[in-house]
Amino acid sequence: MDYSKFGNMMERNRIESFKKWPFDDKKACSVKKMAEAGFYWSGNEREPDTVTCFVCNKTLDGWEPTDDPWKEHAKHAPQCNFVKYGRKEADLTVQEFINVFSVAVKARMDKHFNKTLEDFRKCAEKEKEKLLLGK
Ligand SMILES: [Zn+2]
């Protein structure tokens with residue numbers, strides 16, 4: 001199955017998102033461990049150690065080689081549904097995974113909805129202004 005359309009929701013896609021990462025596989029916060037804990041790479045050339053959670057959208061940077069991704073995730077985003085299970089993708093039941101997945105999808109849809117509504121509001125206000133000035 002092609003999971004790429006689900007963006008960074010699958011662990012393997014999160015692993016692939018890391019274009020640059022300052023820590024190797026032997027470190028506690030290796031790419032694999034980061035992806036397991038729900039993080040995908042949201043960094044750039046200047047700040048390569050920036051990641052974001054695919055469920056709660058929490059962005060974290062300033063990683064130390066000994067940092068445990070799950071612990072940091074739980075510390076900074078205790079409300080995250082992925083953190084609540086606290087297990088990597090392979091260790092979740094299909095139902096648990098669907099629960100996490102639905103929260104992530106809904107958050108994306110809400111964000112898109114709010115952005116669309118806000119864009120429309122701005123357009124409508126401009127149009128209204130034009131109409132009032134035209135009188
Ligand atoms: Zn999270």
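**Sheet**

Two strands pair if DSSP finds at least two bridges between them, strands (E, at least two residues) and helices (H or I, at least four) being DSSP runs numbered from the N terminus. In this predicted model, local features need pLDDT of at least 70 and side-chain atom pairs count only at pLDDT 80 or more, while totals for chains, interfaces and linings use all residues. Residues are numbered from 1 along each chain as its sequence is written.

S2 and S3 pair in the antiparallel sense over 2 bridges, and Thr-52 stands opposite Thr-59 in S3. The open sheet is formed by 3 strands in the order S1-S2-S3, with antiparallel pairing; its edge strands, S1 and S3 (59-60), each pair on one side only.

**Tyr-40 in strand S1**

Tyr-40 lies in strand S1 and counts as buried because it has 21 C-beta neighbours inside 10 Å, the cut-offs being 20 or more other C-beta atoms within 10 Å for buried, 12 or fewer for exposed and anything in between for partly exposed, with C-beta atoms placed from the backbone. Its C-alpha atom is separated by 5.5 Å from that of Thr-52, 12 residues apart along the chain. Beyond neighbours within four places in sequence, the contacts of Tyr-40 (C-beta atoms, placed from the backbone, within 7 Å) include Asn-8, Arg-14, Ser-17 and Phe-54.

Notes
Two residues are in contact if their C-beta atoms, placed from the backbone, lie within 7 Å.
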